[in-house]
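Open the model in your viewer and keep the selection panel at hand. This tour moves from one selection to the next.

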Amino acid sequence: MSAVLAQPQPPAPDAEREVVIRGRGITVGFGERKVLENLDIDVYRGEILGIVGASGTGKSVLLRTILGLQPKQAGTVEILGTPYDEADANTRASIDRRLGVLFQQGALFSSLTVLQNVEFPMREHLHLSSRLMDELARVKIELVGLAPEAAERAPSELSGGMIKRASLARALALDPDIVFLDEPTSGLDPIGADEFDKLIATLRDTLGLTVFMVTHDLDSLHTVCDRIAVLGDRHVLIEGTIEDMLAFDHPWVQQYFHGVRARRREA
Ligand SMILES: Nc1ncnc2c1ncn2[C@@H]1O[C@H](COP(=O)(O)OP(=O)(O)OP(=O)(O)O)[C@@H](O)[C@H]1O
């Protein structure tokens, strides 16, 4: 009997894919100044979405708004099929458990070891023995490619790349469905950044994560992002694949994706 090999399937059309984050009409301002206005965004299950845009266009503000950390003047955010804004405290807490966040500076607690940092969300949300939490945290530390000895180190004893990995281990502590990464490769040398990108892609493939990644890193956009959303003029200017970006006729998008850095990357 001959074996029938599974053929790779083309990605499903967007309309058939599960939307895990749906933002509609998002408007955020500081004083009189609007940073985001009537912004719509969809994030699909299992994708790595890169959020890009000039400095100050509101990428971090968008990430914080989706997470409910930044008040908005208008709009709705639905996460994993539940209107997050309208949810009661219990529902919100159960959604929060399914989200992991890596903030720009890593944001590890400096007075705690790496192990204690990774256990922190577990202590908050899970009712497990210390021994079991230790075991689970050590698995996460291994998963992100840190040596077992790193568990006992303080953040001040880690390199920039190790801090990113430790922060990622903490973001993965509760086995989230979606991880939010704010400029995960900033401050890393090109090899470190490349390794971190590969780690993100491997985790997505093995754990089925959905990744919402704010980035300035052209290499990340080319190598790991399935789709890209460009912020500008207070909304999403364009979303699509890297090929869509290259073909899009907009001055900033052209300059960014065809500019000197892009050409250097291609050389
Ligand atoms: N708490 C705040 N109070 C007032 N203004 C703020 C606040 N947070 C952000 N802003 C403003 O909102 C705008 C968008 O900020 P944001 O940090 O989202 O930009 P960004 O696109 O992530 O930029 P970068 O690429 O430089 O990190 C900026 O002009 C910033 O000054």
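How do the residues of the shell around the ligand divide into nonpolar, polar and charged? They divide into 3 nonpolar, 6 polar and 1 charged. Here Ala, Val, Leu, Ile, Met, Phe, Trp, Tyr, Cys and Pro count as nonpolar, Asp, Glu, Lys and Arg as charged, and the others, Gly among them, as polar.

Some ground rules. This is a predicted model: local features need pLDDT of at least 70, side-chain atom pairs count only at pLDDT 80 or more, and totals for chains, interfaces and linings use all residues. Residues are numbered from 1 along each chain as its sequence is written.

**Stop 1: the ligand shell**

Select Phe30, Val35, Gly53, Ser55, Gly56, Thr57, Gly58, Lys59, Ser60 and Val61. These are the residues around the ligand. A residue is near a molecule or strand if its C-beta atom, placed from the backbone, lies within 6 Å of it. Now colour helix α1, residues 59–66. α1 gives the largest share of the shell, 3 residues. Helices (H or I, at least four residues) and strands (E, at least two) are DSSP runs, numbered from the N terminus.

**Stop 2: the antiparallel sheet**

Show the open sheet of 4 strands, in the order β2-β1-β4-β5. Its pairing is antiparallel. Two strands pair if DSSP finds at least two bridges between them. The edge strands are β2 (33–44) and β5 (82–83), each pairing on one side only. Bring α1 back into view: α1 packs on the sheet and touches β1, β2 and β4 (74–79). The direction of α1 makes about 120° with that of β1. Contact means C-beta atoms, placed from the backbone, within 7 Å. Axes are lines fitted to C-alpha atoms, for helices over the stretch in contact, and angles run from 0 to 180 degrees between N-to-C directions.

Next, walk across the strands.

- Select β1 (residues 19–30) with β2: 8 bridges join the two, which run antiparallel. Isoleucine 26 stands opposite leucine 39 in β2, and arginine 22 stands opposite aspartate 42 in β2.
- Go to the hairpin of β1 and β2, with 2 residues between the strands. Glycine 31 takes a positive phi near 65° there.
- Arginine 24 stands opposite threonine 76 in β4.
- Finish with β5: 2 bridges join β4 to β5. Isoleucine 79 stands opposite threonine 82 in β5.
- In the hairpin of β4 and β5, leucine 80 takes a positive phi near 50°.

**Stop 3: the mixed sheet**

Switch to the open sheet of 6 strands. What is the order of its strands? The order is β6-β7-β8-β3-β9-β10, and the pairing is mixed. β6 (99–102) and β10 (235–240) are the edge strands. From one strand to the next, the twist averages 15°.

Select strand by strand again.

- β7 and β8 (residues 210–214) run parallel, joined by 5 bridges. Aspartate 182 has valine 214 in β8 as its bridge partner.
- β3 (residues 48–53) and β9 (residues 227–232) also run parallel, with 5 bridges. Pick valine 52: its bridge partner in β9 is valine 230.
- β9 and β10 pair in the antiparallel sense over 5 bridges. Leucine 231 has valine 236 in β10 as bridge partner.
- The hairpin of β9 and β10 has 2 residues between the strands. Aspartate 233, in the turn, has a positive phi of about 50°.

**Stop 4: the two domains**

Colour domain 1 (18–98 + 178–199 + 209–267) and domain 2 (102–175). These bounds come from an automatic or database domain assignment. The domain centres, taken over C-alpha atoms, are 25 Å apart. Their contact takes 13 residues from domain 1 and 11 residues from domain 2. On the domain 1 side, β7 (178–182) and α6 (190–207) each give two or more residues. β7 supplies the largest share of that side, 4 residues. By class, that side has 7 nonpolar, 3 polar and 3 charged residues.

**Last stop: zoom out**

Along the principal axes, the C-alpha atoms fill a box of roughly 55 × 50 × 50 Å.

How values were computed:
Two residues are in contact if their C-beta atoms, placed from the backbone, lie within 7 Å.
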